[in-house]
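Let's take a walk through a protein together. Have the sequence and the 3D view side by side as you read.

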Amino acid sequence: MMFCPLCASSEFLCKHYKSCKQTAGLPRRLSLGLEESGKLWETLNTLSLYSNPELSVIGNVNSLDLEDAKTEKRTINCLVETMVTSKKIVLAKKLNGEPKESDFKIIEEELPALKDGEILVEAVWLSVDPYQRIVESRNPDFPVGKLVCSTLGWRTKSVVDVNKPGDARLPKPYLLPDFKGLPASLGVGFLGMPGNTAYFGFLEICKPKPGEVVVVTGAAGAVGSIVGQIAKIKGCKVIGFAGTDDKVKWLLEELGFDAAYNYKTKDIVEALEEAAPEGVDCYFDNVGGSLSIAVTKKMKLFGRISVCGSISSYNSGSLPGGLELDNGMTSGLMASNNWCSGQKRCRGEDNIRMDLKEIRTNEGDWIQPDHGRDRNTAYFGFLEICKPKPGEVVVVTGAAGAVGSIVGQIAKIKGCKVIGFAGTDDKVKWLLEELGFDAAYNYKTKDIVEALEEAAPEGVDCYFDNVGGSLSIAVTKKMKLFGRISVCGSISSYNSGSLPGGSVYESSTLQQYILANQLTIQRFRVGQWNDQWFDGLKQLVQWTKEGKLKYYETVTEGFENTVKAFIGMLRGENMGKAVVKV
Ligand SMILES: NC(=O)c1ccc[n+]([C@@H]2O[C@H](COP(=O)([O-])OP(=O)(O)OC[C@H]3O[C@@H](n4cnc5c(N)ncnc54)[C@H](OP(=O)(O)O)[C@@H]3O)[C@@H](O)[C@H]2O)c1
């Protein structure tokens, strides 16, 4: 509860605070005339009896000043500062597995006085990306009373320096643009970060064409429900997967999806066979896991996969260093490390621009013309997809083979640190002693995780994947942020025949499908389109006003219920965007 410092009435109902009614916040500095100053002093004394922690006088008001002022009948200015406190939600302990309410706690914090350029904002709606109302401002571009969207954590109030570069992955705090009468709460969802995630993440990566088949997982969520509708606007056939029958009904009956399934009760492979017998052109992947494996296997030639998130593995806790991975790992790793992979067809030999004379093959011969295919595979597959930079760490599997041995050497020519894996000690010796690899291991006798820890403790920038399987899982786990993986082959699984559904090894065999269908799989962060942020929002507003896009919000009331809402969202209790009304 806050009080007017003049008359102690609560919540700005008194006559002194007309201006505060507009801002719904307590001003922290006031200039007062003599009469009011006198009252103020009395009021402060009264309030201090009740030990109101919200108030403190930091200016030049004291009884002496007041007495002097009365005698001299002059007006004095006094400075009153109310101490602004904010509540914020922090982790009480490290998360392990599915988050519990007891993992979080609410604490109070005191906020500093505003400096020039800063604004004080008070949360109105919270998400993982809260937006607030400005209650005090020392920045003319951010006037009091306006709504602002920014990423500040779950807190009731914050002091924000709007010019300070924040999280580069998201835009700086911005005033909510004109939503043309649509509710302001959409600023944290449908017309905010999730909206732009859907808009750019789908259109820029999947590049859908009319008539193409699009699959969306997490289809009834904040991002997924928008992706499906945009795909419909673009003339695609849309198939959604969601976790309850009600969500499926909503997708089919309200949002106009062509097919939708409850992935908890329907066999996914069967569903895809039914709805996309010819295969899938675009997959917008919100969840990772076994759903993503099934969809990836069903991709058509030149299919595009936009890896947005991997919610199925967010709560799996710390992953074991070994290779017993859940099926979510492939997408999960892409999600966290932002890698992209794909396979390019080799071009004709005419395109060779590098002098390969120095490059030796496994057999120790100088390359002959009939090695053209291998060297083109190595040349283009490595340089065009991995785009290595001097000093970067490159891992090559199948390193002593025809392609791998060339890739490793090209990486050395490009000034990289090169680590190779091969299957005999002789090959390892050759890689180290003849080809100048910086490190090489026999993957049959050396623990792969240990080898990577030893040779690439900081992580791997580029991975040229010739083999797939457990080796590839281990290397993928070790990739650095913005790492690049060129999926060239998956020899480890060529002879495995049909694999058991849901096997822990399945994610490692996706390379086969990526390779065979020349898929483009790309991870993104919505912040990469920060410079076009408002173009995205403008288009979304327009489509909504034209009745082409529908939205739904699952609203939780009360700041103290934020964690509950968060856990509920992870468990699938939300439809559309989960928001908290503070
Ligand atoms: N790349 C980016 O820049 C970016 C930006 C925003 C969001 N994201 C990611 O995009 C995804 C969707 O985010 P959102 O905000 O739109 O969330 P959301 O879909 O509104 O909410 C999460 C939903 O995920 C589903 N889910 C939970 N566990 C699952 C599992 N094991 N398998 C399948 N589905 C599961 C639940 O719905 P069901 O009932 O259907 O299970 C739940 O409602 C998340 O992975 C998020 O991290 C990425």
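Among the contacts in this protein with a separation of 6 or more, 63% are between residues 24 or more positions apart. Keep in mind as you look around that the model is predicted. The protein has 582 residues, and 54% of them count as buried. Its secondary structure consists of 17 helices and 23 strands.

Let's begin with helix α7, which runs over residues 268–275. Which residues of this helix are buried? They are Ile 268, Ala 271, Leu 272 and Ala 275. These four cover an arc of only 95° around the axis, and therefore they sit on the same side of α7. Here is a handy rule behind that pattern: an α-helix has 3.6 residues a turn, so residues three or four places apart point the same way.

Is Asp 281 buried or exposed? With a relative accessible area of 8%, Asp 281 is buried, because the cut-off for buried is under 20%. What does its side chain reach? At 2.8 Å, the side chain of Asp 281 reaches the backbone nitrogen of Val 213. The side chain of Asp 281 is also joined to that of Lys 300 by a polar contact of 3.2 Å. If you set aside the neighbours within four places in sequence, the residues in contact with Asp 281 are Glu 212, Val 213, Met 299, Lys 300, Gly 303 and Arg 304.

For the last stop, move along to two helices, α13 (residues 448–455) and α14 (residues 469–477). Their axes come within 10 Å and cross at roughly 35°, and the crossing in which α13 passes α14 is right-handed. Which residues meet here? From α13 come Ile 448, Val 449 and Leu 452, and from α14 come Leu 471, Ala 474 and Val 475. Sorted by kind, the residues of this contact between α13 and α14 are six nonpolar, with no polar and no charged ones.

Key:
Residues numbered from 1 in each chain as written. Predicted model: local features only at pLDDT ≥ 70, side-chain atom pairs only at ≥ 80, totals over all residues. Heavy atoms only, no water. Buried < 20%, exposed > 50% of the residue type's maximum accessible area, 1.4 Å probe, protein only. Arc of directions from axis to C-beta. Axes fitted to C-alpha atoms, helices over the stretch in contact; angles between N-to-C directions. Left-handed = near helix turned anticlockwise from the far one by under 90°. Contact = heavy atoms within 4.5 Å. Nonpolar A, V, L, I, M, F, W, Y, C, P; charged D, E, K, R; others polar. Polar contact = N/O pair within 3.5 Å; in protein donor to acceptor, adjacent residues only side chain to side chain.
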